[in-house]
Amino acid sequence: MIDMADLGYGIIGCGNIAPMHAEAIQAIEGARLVAVSDVVEQSAQRLAERFGATPYTDYLELLKREDVHVVNLCIPSGLRAEAGMACARAGKHIISEKPLEVNTERIDALLKAVEEAGVKLACIFQNRFADGSRLVRKALDEGRFGKLVLGDAYIKWYRSDEYYKSGTWRGTRRLDGGGCLMNQGIHQIDLLLWFFGPVKSVFARTSLVGHKGLEVEDLACAILEFENGSMGVIEGSTAVWPGHPARLEVHGDQGSAILEDGNLHFWKFKNERPEDETIRSEMPKAAAGAGASDPMANVTHEGHRRQIEDFTQAVRDNRPPLIDGKEGRRAVALIEAIYRSAQSGKPVTL
């Protein structure tokens, strides 16, 4: 067990998302950023100077530090299993950005390494920590929706050609793993699974319509049948101008709720409670549009702070984090099934 005052963090990968992790760590009492690493020396130095950490260009050197207890993986998706297994062998706990890896085979190798090393692993799905998402989950636990009927996720975003050219790994099968579903839509897909549970079968179509030269999809539609008998759809794209708020809908025979960018935008139940009117009165008038056309627009570190704080406490208490590696695997497994259905033209049973 490690005292929170001694919990040191390291970050591997100093790209766009790394400052979000650094700001979150900095905001947590008893956590501190010790070291960062990136193959681009200037990137590592820039992040290190901003947050008072030590820079490295070889993450294996970072892993030798005894004052690094947790490592945050902010490198491209297809590199996370290899780096994560190195972290596990070094006895470091791991927080990985989404997705854990580009396919479940690589995720399973990472899970095995983590289990053998006796370290903890979490996957960043910060949307589960949003106030609106928590309210929906609480209402589901209390049975307020009644029998679940429909669960839908809509991620109709726009990404420019410049976005895909900004990193040689973007839009590649080997390092990105997929397109509008695996990279952009996975947060809403994770929420859908958190709310509705396992998917029984899926039928899907994917396409590349708005970009040239990508190995992955920028358009996808899937019809889901959940094990609980409800149904749903996933619609994702990075070719929709100008981009719209990510939307998730939960419908039951006793109530409905709609989230946009993690904020509640509809909340109504057949059996109302006094607090329901208060919840509705506090809903934002319009969605912020986070990520709709710019992956970093209107995004704060608060969701990351809440999740990394949970992980910090999990290490201290020697308990599983709220979103562990097995939870992180579920969304990737569903997206893989969607890709298999789109490729075969037939439904896929999970």
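**Close-up views of a predicted model**

At 4% relative accessibility, A122 counts as buried (buried: under 20% relative accessible area; exposed: over 50%; partly exposed: in between; 1.4 Å probe, protein chains only). This is a predicted model in which local features need pLDDT of at least 70 and side-chain atom pairs count only at pLDDT 80 or more, while totals for chains, interfaces and linings use all residues. Residues are numbered from 1 along each chain as its sequence is written, and side-chain values use heavy atoms, with hydrogens and water left out.

View 1. A122 is placed in strand β6 (helices, H or I, of at least four residues and strands, E, of at least two are DSSP runs, numbered from the N terminus). A122 touches I94, I95, S96, L100, F311, P321, I323 and D324, residues up to four places away in sequence being left out (contact: heavy atoms within 4.5 Å). Between A122 and I323 there are 201 residues of sequence separation, yet their C-alpha atoms are 5.6 Å apart.

View 2. The structure holds one cavity of 30 Å³ or more. On a 1 Å grid over the protein atoms alone, a cavity is a set of points where a 1.4 Å probe fits but cannot get out, and a pocket is an open set with protein on both sides within 12 Å along at least five of seven lines; lining residues have an atom within 4 Å of a point. Grid points are joined across faces, edges and corners, and a volume is the space filled by probe spheres set on the points.

View 3. Residues of its lining are L111, V114, E115, V119, K120, L121, R319, P320, P321, D324, G325 and K326. At least two lining residues come from each of α5 (104-117) and α11 (325-344), and α5 has the largest share, three residues. The loop between α10 and α11 also holds N318, which has a positive phi of about 55° although it is not a glycine; at 56% relative accessibility, N318 counts as exposed.

View 4. Seven of the 10 residues of α4 (residues 80-89) are buried, and the helix is mostly covered. The buried residues are R80, A81, A83, G84, A86, C87 and A88; they pack against β1 (7-12), α3 (59-62), β4 (70-73), β5 (93-96) and α5. A90 lies in the loop between α4 and β5 and, at 34% relative accessibility, counts as partly exposed. G91, which follows α4, has a positive phi near 80°.

View 5. As 16 of its 17 residues are buried, α8 is largely enclosed by the rest of the structure. G197 follows α8 and has a positive phi near 85°. N127, in the loop between β6 (121-123) and α6 (131-141), is buried at a relative accessible area of 18%. The contacts of N127, residues up to four places away in sequence not counted, are S133, H187, Q188 and L191.

View 6. A search of the whole structure finds six aromatic pairs. The ring centres of W194 and F195 are 5.5 Å apart and their planes lie at 25°, so this pair is stacked (rings of Phe, Tyr and Trp, its six-membered ring, pair if their centres lie within 6.5 Å; planes under 30 degrees apart count as stacked, over 60 as edge-to-face and the rest as tilted). F195 counts as buried, at 3% relative accessibility. F145, W267 and F269 are linked by ring pairs into a cluster. R144 lies over the face of F269, at 4.1 Å from the ring centre (a charge sits over a ring if NZ of Lys or CZ of Arg is within 6 Å of the ring centre and within 35 degrees of the ring normal). The charged end of R173 sits over the ring of Y339, 5.4 Å from its centre.

**View 7. Backbone features in loops.** The K98 to P99 peptide bond is cis, with omega near -20°, and P99 is in the loop between β5 and α5. The W241 to P242 bond is also cis, with omega near 0°; P242 is placed in the loop between β10 (231-237) and β11 (247-252). D261, in the loop between β12 (255-260) and β13 (263-269), has a positive phi near 50° in a residue other than glycine. D261 is buried, with a relative accessible area of 19%.
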